[in-house]
Amino acid sequence: MKVAVAGCCHGALDKMYETLELLQRRHNVRPDLLLCCGDFQAVRNEADLRCMAVPAKYRHMQTFYRYYSGEKKAPVLTVFIGGNHEASNHLQELPYGGWVAPNIYYLGYAGVVRFRGVRIGGISGIFKSHDYRKGTAGQRGPDWVGSGEGSTGPQPWREGLALKRPIDIFMSHDWPRSIYHYGNKKQLLKMKSFFRQEVESNTLGSPAASELLQHLKPTYWFSAHLHVKFAAFMQHQTNSKEELPKATKFLALDKCLPHRDFLQIIDVEHDPNAGDSLEYDAEWIAVLKATNSLINVTQSSWNMPEKNGLHAKWDYSATEEAIKEVLEELNHNLKIPCNFTLTAACYDPSKPQKRVEPVHTINPQTTEFCAQFGLTDINDRVQQAKEEGSVRGEYEEEEEEEEMDSTGSAEEPSEYNTDNSGLSSINPDEIMLDEEGGDEDLSTCSVDPSPDHPPEFSASFSDIRIMPDSMAVSSDDAMDSTNEELEKSGVSKQVEEKSLNERPLKRIGGNENGNSGIKKIKRRNQAIYAAEDEDKTE
């Protein structure tokens, strides 16, 4: 089947779906599934806008609300993960995943589903060492306002490590750390020279995602976040002579803007006898049940059980008996119910609301899911804890601190090496929304290479390397030796055409006054803006 993969959507659903329709008209290519790698921005109303971690002047309604209200329907089944610029109060209604609109499914904090026999997983947010070990309340932010800067937590990571069965496709918003050493690193640094210091110090990307990549060894791994298209190929080491060699094709997509290569079409083997419905994954459900006791809704830092002699249990992988029990509970009917429900008023362009406060909502989808599988309703637990006064605590103080430059606060200890002492003025955790100049409105996408459409560099998976357990950095000399081959392969054909008049997304600027409440833009973000300004003047 054909799967379309998109980078940061930034709420521009109309543009994304128009591009798919354009692809069908011009090239007779119609994807069966669309995957989006974060920064989806499922904004329903003005209250949701207030919950996005961007300066107020850059909070734009975009077009998701039309799909939420039923005015429009996604023309293709869409599955997405959360990024670090989201309507956090909306997505946090669905920690285990669920429908945000008809035909648009959110995977939750982490999740695995099946479609036509293809096993698709993903983890939301980005790695931030000072938030990583916090409980659910600590990661969701103070009453959600301005807290859409989602952080990946330890429990989704632990649940991912508990998976044993093969994964076909996995998504993360930020890149797995070290992945840049398995593609055309020279070309990447030519396009994004301000990544050099982090690449050379091996601090760009998520160490938690790297561990998941090494453990899961999926056929495909897709990411976004850094606003550049990049491909890599990782040949994994085998643990025994009997184990068959495995490799992962990695692809990072650009953001959804004119002249950006934000969409890729791939052919994925599937089960021709499987239905067209999105399905639960029995192993994933069994893992959720096994890890249910680990749920922590406080804002305190904590450590997940590990194999270090300090914990009686650290392996939460599902047994065959547990998986069988899940199947029996569902009567072997794994179809995800189409139980989308409106839980908030929808934006009305004719009656804009200037001051709408976000409201804590218990989503019926989550209630039904938790009741069916005997899981803890995280939002219900958080609400109870807040009413009891055990979570609220220092929220007001933390809200003020979150508005300040994050480099001014000490980081929590982490199981990962996050020493960025040499990068004190660089923010490795995020890329702000960039500004694109001009009035052009061309949609861009690409299709897998074919004899009629010779490939270029950036979709190439030809640089094959053996990945050591430690994710060791490959040498630049060895990397450069394959540049010529990489430059001969790559991106499939691109489609460009005028679409509806829609203003491109704008850059998120920062207040240059370091004493203001707005987060300061880090050096790497400034370099991105400068690079794009140079592009516009050429």
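Start at Y68, which counts as buried at 1% relative accessibility; here buried means under 20% relative accessible area, exposed means over 50%, and partly exposed is in between, with a 1.4 Å probe and protein chains only. F64 is buried as well, with a relative accessible area of 0%. Both F64 and Y68 sit in helix α3 (residues 64-69), four residues apart, or about one turn of the helix. Helices (H or I, at least four residues) and strands (E, at least two) are DSSP runs, numbered from the N terminus.

Before going further, some ground rules: this is a predicted model, so local features need pLDDT of at least 70 and side-chain atom pairs count only at pLDDT 80 or more, while totals for chains, interfaces and linings use all residues. Residues are numbered from 1 along each chain as its sequence is written, and side-chain values use heavy atoms, with hydrogens and water left out.

Now for the rings. Rings of Phe, Tyr and Trp (its six-membered ring) pair if their centres lie within 6.5 Å; planes under 30 degrees apart count as stacked, over 60 as edge-to-face and the rest as tilted. By this rule there are 18 aromatic pairs. One of them is F64 with Y68, a tilted pair at 6.1 Å centre to centre with 35° between the planes. Ring pairs also join F64 and Y68 with F40, F80, Y106 and F340 into a cluster.

What about Y280 and F369? Y280 is buried with a relative accessible area of 8%, and F369 counts as buried, at 8% relative accessibility. Their ring centres are 5.7 Å apart and the planes make 55°, so this pair is tilted. Because Y280 lies in strand β13 (residues 278-280) and F369 in helix α12 (residues 364-373), the pair ties together parts that are 89 residues apart in sequence.

Next, look at two packed helices. Such a pair is described by the angle between the axes and the distance between them. Helix α10 (residues 282-291) packs against helix α11 (residues 320-329) at about 105°, with their axes 8 Å apart. That makes α10 roughly perpendicular to α11. For reference, axes are lines fitted to C-alpha atoms, for helices over the stretch in contact, and angles run from 0 to 180 degrees between N-to-C directions; under 35 degrees counts as roughly parallel, over 145 as roughly antiparallel, 65 to 115 as roughly perpendicular and the rest as oblique.

Which residues do the touching? On the α10 side they are A282, E283, I285, A286 and K289, and these meet A322, I323, V326, L327 and E329 in α11, where contact means heavy atoms within 4.5 Å. E320 is also found in α11 and is exposed, with a relative accessible area of 51%.

Two loop residues deserve a backbone check. Most residues other than glycine have a negative phi. N202, in the loop between α8 (196-200) and α9 (207-216), has a positive phi near 55°. H332, in the loop between α11 and α12, has a positive phi near 60°, and H332 is exposed at 57% relative accessible area.

Finally, zoom out. The protein has 17 helices and 15 strands, and buried residues make up 58% of its 538 residues. Of the contacts with a separation of 6 or more, 83% are between residues 24 or more positions apart.
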